[in-house]
Amino acid sequence: MSAPNKSFDPVEVSTLSQENIDENVANAIAAIAGANSLDELKEVRLAHTGDRSPLALANREIGALPPAAKAEAGKRIGQARGKVNQCLEVRTLELEVLRDQLLLIEETVDVTMAAATVAQGARHPLTTIQEQISDVFLALGYELAEGPEIEAEWFNFDALNIAPDHPARTMQDTFFAGNEDSGIVLRTHTSPVQIRSMLKRELPIYVVCPGRVFRTDELDATHSPVFHQVEALVIDRGITLADLKGTLDHFAQSMFGEGIVTRLRPSYFPFTEPSAEVDLQCFVCRGASIDNPEAACRTCRSEGWIEWGGCGMVNPKVLVACGIDPDEYTGFAFGMGLERTLMFRHGITDMRDMVEGDIRFTRAFGLGV
Amino acid sequence: MKAPVSWLRDFVVIPADATGRDVAELLLKVGFEVEGVDSVGDVQGPLVVGRVISIEELPDLKKPIRWCQVEVGAAHGNADTPGIRGIVCGARNFAEGDLVVVALPGTTLPGDFTIATRKTYGQISDGMICSAREIGLGDEHDGIIILPADSATPGDDAFPILGLGDQVLDIAVTPDRGYALSIRGLARELSIALGVEMTDPGQVLAELPAAAGEALACASDDTQACDLFVLQTLTGFDPKAPTPDFIKSRLAAVGVRSISLAVDVTNYVMFELGQPLHAFDADKISGTVRARRAVAGEKLETLDHVTRELVPDDLVIADDSGALSLAGTMGGLASEITDATTRIAIESAHFDPVVVARMSRRHKLSSESSRRFERGVDRMLAPIAAARVAELLISFGGAEFAGSAGVETAPAKSVIEFDPALPSRIAGHTYSQDLVKEILIAVGCTVTESAGAWAVTPPSWRPDLIVPIDLVEEIVRIDGFDNVPTRLPVAPKGRGLTQKQRLQRRAGLHLAGRGLVEVRNYPFVGVSELDALELAQDDVRRNALRLANSLSDEQPLMRTTLLPGLLTAVTRNISRGSTDVALYEIASVSLLRVGQSANGGTNPPRPEVNGRPNDSLLSELEALLPDQPLHFAAVLTGATSPAGWWGSAANYSWRDAITAVLNLGLELGVVIDVEAGVLAPWHPGRCASLSVNGVVIGHAGELSPRVLENLGLPKRAVALEIHLDVVLANAQSVASAPTVNTFPVAKEDIALIVADAVAAKDVLATIKDAAGELLEDVRLFDVYQGAQIGEGNKSLAFAMRFRASDRTLSSQEVAEAREGAIAAAQKLHGATLRG
């Protein structure tokens with residue numbers, strides 16, 4: 001509001017007086033400090049720096065002043081406006097920070113509601129243990145050999161020194177595909193892959209062969225007519241039983257931990273000689289449970305050893321059947337049941353869990369054992 | 001093979017304090033796995049011999065009960081009646097004066113049943129008179145045990161008399177070691193483990209009285225199959241003579257039931273020596289007893305009351321009237337020993353292992369005898385075992401020795417030329433020549449040393465020792481595997497997994513990573529499962545290989561498709577409460593080759609094993625097998641992502657089945673084409689036929705409502721099955737890197753109205769084609785059907801992305817490309833741009 005200006009004396013223009021300007025500035029600063037949100041601040045900004053604000057109105061009076069007074073009055077108003085704007089800027093920043101903080105608080109959720117609810121895929125532990133075992137041998141330079149599950153009897157038996165009337169043919173209860181004299185069977189072991197490897201590959205041979213095999217056992221907690229084995233075969237010059245033992249120990253350590261060893265007991269398989277059963281040192285108690293009822297071990301039934309598989313030096317007759325000179329080359333082979341390995345390694349108590357395909361079982365293994 | 005320790009002690013000195021466990025450890029050392037050690041009769045405490053002095057029948061009871069006074073020896077009586085105990089007993093098969101077995105108070109019988117003095121039927125019963133079953137000596141509960149008169153004195157410890165407390169080992173004998181199916185053979189192994197000499201009962205010929213009668217004659221018509229045949233004839237045998245207790249208890253310990261003296265003795269000698277024997281009723285035999293091949297059409301009723309049709313490959317023991325028994329396998333019913341038999345013929349022969357094995361397999365008849373012949377019997381045993389049987393029947397059955405007949409074809413002498421350094425070479429461990437020789441002699445070989453190779457003659461009981469490596473096994477076995485050092489052989493540089501193996505792993509990881517759960521089903525399938533899939537009668541998936549001996553009549557076939565197993569597994573999961581189930585399987589199926597029958601062929605090639613078969617023989621072997629391609633199949637049902645506080649559920653639909661395959665193709669770098677297809681078990685309107693390079697690789701989509709109903713599966717369940725082999729074979733071997741374009745992208749959406757029958761895929765292809773190389777990507781993002789666009793039409797909305805590799809596109813360039821695409825769609829598909 002402009003006052004009459006009769007004498008053109010700035011002193012008379014009260015709105016431009018230092019007192020008046022100081023009061024306006026003080027009012028503005030108080031209002032800025034009192035604004036508690038950006039919206040309130042917007043109103044304060046309009047009231048104290050807008051076109052109709054006291055300082056703006058006072059500024060208009062300058063034009064009517066005598067030239068000598070204009071400069072001082074302009075400086076006075078300019079400083080006052082600068083002070084108010086600076087306060088506004090500071091307060092704006094303060095309120096913006098506050099607004100951002102409040103927003104984050106408002107947007108807070110209960111993060112514990114999140115759970116793995118989407119259907120989670122998994123691979124069968126029999127698949128992944130085959131891969132894990134294969135990798136142990138691939139790292140040694142072996143290759144992964146495969147063969148058909150429906151197999152010629154000749155590969156499954158004859159070439160492995162299991163003659164047509166050999167008791168071993170009844171020992172392994174065989175599924176005959178087609179007529180009983182069709183010459184084809186569901187392979188009873190992965191050993192025919194040994195024969196295929198020896199017939200096809202160049203010497204020396206270092207192969208690992210995991211796979212599905214079949215015997216006419218009814219399904220129960222510890223048997224299945226369809227199960228899996230892994231087998232390794234080495235044919236080279238100068239291969240000895242010592243090589244077999246060293247390889248088994250390396251395999252055992254890779255699967256069950258540092259320092260775990262294997263033990264051999266004499267046995268019989270037509271395709272190896274000498275032949276032996278492979279026992280695995282118990283990886284849970286490491287033998288501490290033997291004769292120690294207070295530290296009983298469920299994994300090895302406190303025997304300290306777990307029956308794991310069979311092995312031996314490749315029978316010269318098998319080498320001959322594959323056209324390999326047994327005077328020049330020797331070899332070893334060993335094989336293990338994978339269901340059995342999974343059972344004692346992972347505490348699976350019932351064979352049927354690995355057969356039935358219940359997703360609750362398989363999901364527990366995820367993408368790898 | 002079960003072996004009582006006491007029986008082993010007859011032939012080898014075992015330390016007196018050795019337990020069954022100790023003996024088991026010794027056998028384990030030389031390679032015999034002992035699966036169990038049992039004690040005969042789990043009895044503890046005062047079990048003594050008693051003599052029944054008096055019997056008083058107690059009156060007025062529901063069943064007859066006796067009150068007996070039993071003399072139990074001065075040390076075992078009680079204060080009131082020194083040396084005598086009063087015992088109440090319900091059995092009735094004993095008389096005053098009989099020797100019985102008494103469990104005195106404090107004795108614990110099997111089942112943890114402790115005898116105590118107690119009042120019963122008005123009397124104080126001060127012990128128990130025992131039956132065989134009550135002390136764990138078999139199943140006989142007909143009455144209490146009566147010991148032979150004067151065989152013991154009242155008060156004697158009954159344990160040794162009954163063989164109680166003896167330990168019986170259950171030994172796993174591998175099929176190469178026939179000799180170990182006998183006490184004799186096991187005693188030998190034990191003697192080796194102990195380092196002591198054994199007394200070999202297999203080398204002691206019993207002295208028989210002079211022949212005093214007419215002996216039956218014997219012959220072998222096939223000296224290959226039966227090279228040794230001994231026939232003893234005994235007369236005057238008392239068919240009622242009981243089997244002595246030591247034979248009974250030993251037979252019980254090895255798991256054989258006592259039948260009659262004659263039969264028990266042949267079994268006893270078989271278990272002791274390893275020679276199977278057979279006793280005939282000689283009065284039922286006419287003429288010469290001969291080993292001969294059966295005649296076609298000949299029949300024989302064996303002891304198990306099965307009438308068997310014989311074939312010319314069978315070997316029989318026959319007389320003038322026909323076949324009497326299946327040689328070395330099972331006796332015939334007509335000539336069996338009965339309770340009236342007084343003249344006995346004992347057959348002790350040596351049969352060819354293969355002949356017996358074939359017969360046993362052909363007639364599905366495995367006996368204690370056939371098991372031994374199949375695994376090889378000591379050829380020298382026949383006369384020794386026959387004499388031993390005669391000796392026992394003479395002494396326990398009152399028989400007289402009438403005479404003996406025998407025929408023999410001398411065997412070829414087998415000598416192994418043996419390099420004594422071979423064991424060291426095979427084992428990677430040095431065995432001294434002295435040690436090698438020592439072990440060979442211990443197992444029974446004769447060794448003639450010379451500068452080069454040794455001449456080693458295996459003993460008669462080791463027909464399994466034929467070639468040098470057999471002797472190496474003996475050296476390693478007896479010296480012990482533990483002495484062999486360990487060494488890790490260095491393999492040549494390997495090439496890692498093959499491309500196919502790598503891709504198969506990757507496929508599995510991809511599928512599981514997308515939420516599918518792997519199953520590994522049995523490969524067996526039944527016709528009813530194929531019917532449930534609504535397969536046409538001429539569907540190739542019905543041409544399945546049939547098993548000759550399937551476990552179940554319901555599933556006699558080998559699967560041609562993975563779907564039945566997957567569907568069963570889905571059903572099982574749902575029945576167990578899971579609702580959202582996505583299962584996959586990667587496995588081989590078997591498909592018959594052209595012209596191959598479900599029953600396979602006959603007369604397959606059987607290459608010799610004395611050298612590598614030639615390639616044509618190997619191809620013939622391969623040709624026997626069905627094709628076994630690798631398949632990938634999946635069944636999906638329920639929610640792919642369930643409903644919850646985050647939103648609503650997304651359910652598996654036909655689209656997921658198809659994209660599962662397409663995405664796998666994307667992962668493996670294989671372009672898979674989709675077309676509408678029709679094939680059971682899919683919904684004919686929701687089935688995609690999938691192909692690679694124009695070759696159909698499989699199908700995917702929704703299962704037909706009928707199939708879902710057949711299987712009781714939820715509506716809208718979807719499935720897929722493809723030939724994974726083809727996909728893997730077409731996979732990109734080396735992924736090529738794209739050029740990442742950094743110029744800005746221009747986006748344009750168009751909605752085209754086309755007739756319902758126009759396939760989205762075709763419109764998409766047209767757009768791609770027409771929009772030119774500026775088009776970076778295009779995808780169908782919306783489909784609309786409704787009145788606005790007219791009946792029988794659909795609106796397909798495509799999102800297009802344009803980009804040039806060398807400049808920022810002008811709006812005019814983008815508009816031209818867009819118009820080009822629209823114009824082409826109009827021309828080729830009658831599409832109109834939706835406003």
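The side chains of B:E585 and B:R559 are joined by a polar contact of 3.2 Å. A polar contact here is a pair of N or O atoms within 3.5 Å; within protein, one must be able to donate a hydrogen and the other to accept it, and residues adjacent in sequence count only if both atoms are side-chain atoms. This is a predicted model, in which local features need pLDDT of at least 70, side-chain atom pairs count only at pLDDT 80 or more, and totals for chains, interfaces and linings use all residues. Residues are numbered from 1 along each chain as its sequence is written, chains are lettered from A and ligands numbered from 1 in the order in which they are written, and side-chain values use heavy atoms, with hydrogens and water left out.

Let's stay with B:E585 for a moment. Strand β31 of chain B, residues 581–588, holds B:E585; strands are DSSP runs (E, at least two residues) and helices are DSSP runs too (H or I, at least four), numbered from the N terminus. B:E585 has a relative accessible area of 0%, so it counts as buried (under 20% relative accessible area, with a 1.4 Å probe and protein chains only). A polar atom of its side chain lies 3.0 Å from the backbone nitrogen of B:N521. Leaving aside neighbours within four places in sequence, B:E585 is in contact with residues including A:R212, B:R520 and B:H631, where contact means heavy atoms within 4.5 Å.

Now for the place where the two chains meet.

| Interface of chain B and chain A | Value |
|---|---|
| Residues in the contact | 103 residues from chain B, 106 residues from chain A |
| Buried area | about 8700 Å² |
| Salt bridges | ten |
| Polar contacts | 41 residue pairs (both at pLDDT 80 or more) |

Buried area is the accessible area (1.4 Å probe) that two parts lose on being put together, summed over both. Carbon and sulfur atoms give 59% of the area buried between chain B and chain A. B:F481, B:R520 and B:Y522 supply 9% of what chain B buries against chain A, more than any other three residues. One salt bridge pairs A:E143 with B:R495, their closest N and O atoms being 2.9 Å apart; the rule asks for a side-chain nitrogen of Lys or Arg within 4 Å of a carboxyl oxygen of Asp or Glu.

Finally, chain B as a whole. Chain B has 21 helices and 42 strands. Along its principal axes, the C-alpha trace of chain B spans about 125 × 85 × 60 Å. Of the 835 residues in chain B, 51% are buried.

Definitions and conventions: Buried means under 20% relative accessible area, exposed over 50%, partly exposed in between (1.4 Å probe, protein chains only).
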